[in-house]
Amino acid sequence: MQLTDPTLLRQSALVGDRWIDADPATGIAVTNPATGEIIGHVPKLGAAETREAIEAARITQKAWAARTAKERSNILRRWFELMMENQTDLGAILTLEQGKPLKEAIGEIAYGASFIEWFAEEARRVYGDLVPGHRSDARIMVMKQPIGVVAAITPWNFPNAMITRKAGPALAAGCAMVLKPASQTPFSAIALAVLAERAGLPKGLFSVVTGSAREIGAEMTASPTVRKLTFTGSTEVGAELYKQSAPTIKKLGLELGGNAPFIVFDDADVDAAVDGALIAKFRNNGQTCVCANRIYVQDGIYDAFAEKLARAVGTLRTGNGFDEGVMLGPLIDKAALDKVEEHVADALGKGAKVLRGGKPHALGGTFYEATVLADVTSDMAVAREETFGPLAPLFRFTDEADVIAQANDTEFGLASYFYARDLSRVWRVAEALEYGMVGVNTGLVSTAEAPFGGMKSSGLGREGSRYGIEDFVEIKYVCLGLG
Ligand code: ADP
């Protein structure tokens with residue numbers, strides 16, 4: 001793989017204004033999940049460097065917040081442009097460390113950049129209010145001010161977009177950010193920091209601290225300077241960070257696990273539903289928190305849908321993300337592969353049938369065949385746990401109220417999808433699903449303009465959209481006596 005600009009693949013972390021180079025002997029090795037080869041190293045940093053980055057952020061944030069919104073907006077806009085100018089290189093770095101097909105990775109860069117663009121625009125619209133008051137000789141004003149220093153911890157499944165969706169609103173609002181990227185995919189984060197520097201982001205405003213998650217996370221959560229923690233990852237780690245943040249009463253933004261239902265009613269357009277299921281289930285090889293995890297199909301069209309989905313899934317080529325025509329890459333690691341194998345074995349042991357795939361791919365490594373299972377039932381592990389892999393389990397249902405109850409019978413509440421044409425049903429079901437996001441007759445809902453986030457154990461807060469910036473501001477009420 002040849003980058004147009006090789007300086008974007010940098011084996012260093014950025015702590016305040018200090019680049020720290022990795023020592024291959026002590027650093028964290030980053031591997032290509034498609035080949036197992038080591039791509040390079042990043043420094044293994046800990047509490048001391050995290051503290052240093054937080055302190056740099058504290059100092060820089062004040063000056064950043066004092067700039068006009070337009071000045072902040074212009075720098076963010078430049079960052080967005082640089083991302084798009086380097087889209088192919090950033091995509092290649094992403095495929096190298098994450099495994100998703102190059103075309104999909106390049107698509108993620110555009111998606112990730114769109115959050116910086118959107119929040120560059122939103123930076124100028126953080127309006128306050130003038131409220132009709134309680135006394136004739138006083139006025140009530142409400143202003144919004146940046147919350148201050150923000151810490152971010154991000155996952156490996158979207159190594160670019162999960163960062164920009166947090167950094168965009170934080171920096172637009174006038175906050176500073178200290179980021180700990182996933183250790184599997186730090187190079188995409190570091191490349192963003194390189195471009196942020198080129199865009200003119202002040203030194204110290206955006207640090208990327210690589211290293212031990214536990215140590216860095218502990219320092220971030222314990223710090224009274226950090227006023228907000230924004231995290232995307234598992235519910236288990238999210239709950240731990242929530243607990244760790246309690247003593248300093250931080251504001252929390254949590255984007256956690258999902259267990260998305262995908263419901264196909266008898267009156268649906270079956271071909272459209274198959275297309276939607278392909279996207280909702282197999283995007284990023286099933287490794288997104290909004291991936292369809294349980295596919296419920298109504299009796300009348302179950303067999304037709306199952307047959308068409310199995311045929312369509314058969315056309316998805318699995319392989320190295322750099323190879324032409326590949327639609328599905330490897331799973332991120334061995335643990336991810338084990339989970340898919342466990343879910344398939346559990347389902348087959350309890351009576352499910354393989355329509356397509358069902359075993360590790362002949363390519364070996366962490367490749368797994370795109371799989372469709374029929375006759376899946378609620379007693380199987382796939383009904384309760386997020387598979388995070390290329391497994392489409394088909395459940396059969398007859399009754400609308402019953403399928404809604406099943407869809408809602410989970411601790412999670414992130415994304416949900418359904419296909420139907422009857423207008424009353426569309427309203428009824430959209431209102432009844434206990435999920436932060438509902439895709440109706442579409443398998444893809446994420447975009448910078450819309451609020452992304454979950455209910456119940458899927459998290460707190462919303463990212464993207466005009467609501468996304470709210471989590472990064474404090475509301476201040478000023479009562480002005482006219483005496
Ligand atoms: P995933 O299943 O996506 O790997 P994790 O929740 O394990 O989800 O990881 C998401 C992010 O959280 C990663 O950046 C990881 O390094 C970080 N992380 C994992 N454990 C901890 C922890 N105890 N404290 C802070 N961060 C953590």
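**Exercise 1. Classify the packing of α7 and α8, and list the residues in contact.**

Solution. Step 1: α7 and α8 are oblique to each other in this predicted model, because their axes meet at about 40 degrees. Angles under 35 degrees count as roughly parallel, over 145 as roughly antiparallel, 65 to 115 as roughly perpendicular and the rest as oblique. The axes lie 8 Å apart. Axes are lines fitted to C-alpha atoms, for helices over the stretch in contact, and angles run from 0 to 180 degrees between N-to-C directions. Helices (H or I, at least four residues) are DSSP runs, numbered from the N terminus.

Step 1: The crossing of α7 and α8 is right-handed. Right-handed means that the near helix is turned clockwise from the far one by less than a right angle.

Step 2: From α7 come Gly217, Ala218 and Thr221; from α8 come Leu241, Gln244 and Ser245. Contact requires C-beta atoms, placed from the backbone, within 7 Å.

Step 3: Two of these contact residues are nonpolar, four are polar and none is charged. Ala, Val, Leu, Ile, Met, Phe, Trp, Tyr, Cys and Pro count as nonpolar, Asp, Glu, Lys and Arg as charged, and the others, Gly among them, as polar.

Residues are numbered from 1 along each chain as its sequence is written. In this predicted model, local features need pLDDT of at least 70, side-chain atom pairs count only at pLDDT 80 or more, and totals for chains, interfaces and linings use all residues.

**Exercise 2. Describe how α1 packs on α7.**

Solution. Step 1: Helix α1 covers residues 47-66. Its angle to α7 is about 40 degrees, with the axes 8 Å apart. α1 and α7 are therefore oblique.

Step 1: Their crossing is right-handed.

Step 2: Ala47, Thr50 and Arg51 of α1 touch Glu215, Ile216, Glu219 and Met220 of α7. By class, that gives three nonpolar, one polar and three charged.

**Exercise 3. Find the residues around the ligand.**

Solution. Step 1: The shell holds 14 residues, and Ala213, Gly217, Gly233, Ser234 and Val237 come nearest. A residue is near if its C-beta atom, placed from the backbone, lies within 6 Å of the molecule.

Step 1: α7 (213-222) and α8 (235-245) each give two or more residues to this shell.

Step 2: Six shell residues are nonpolar, five polar and three charged.

**Exercise 4. Report the confidence scores.**

Solution. Step 1: Mean pLDDT (the predictor's confidence in each residue, from 0 to 100) is 98 for the chain. 100% of its residues reach 70 or more.

Step 1: ipTM is 0.93 and pTM is 0.97.

Key: Two residues are in contact if their C-beta atoms, placed from the backbone, lie within 7 Å.
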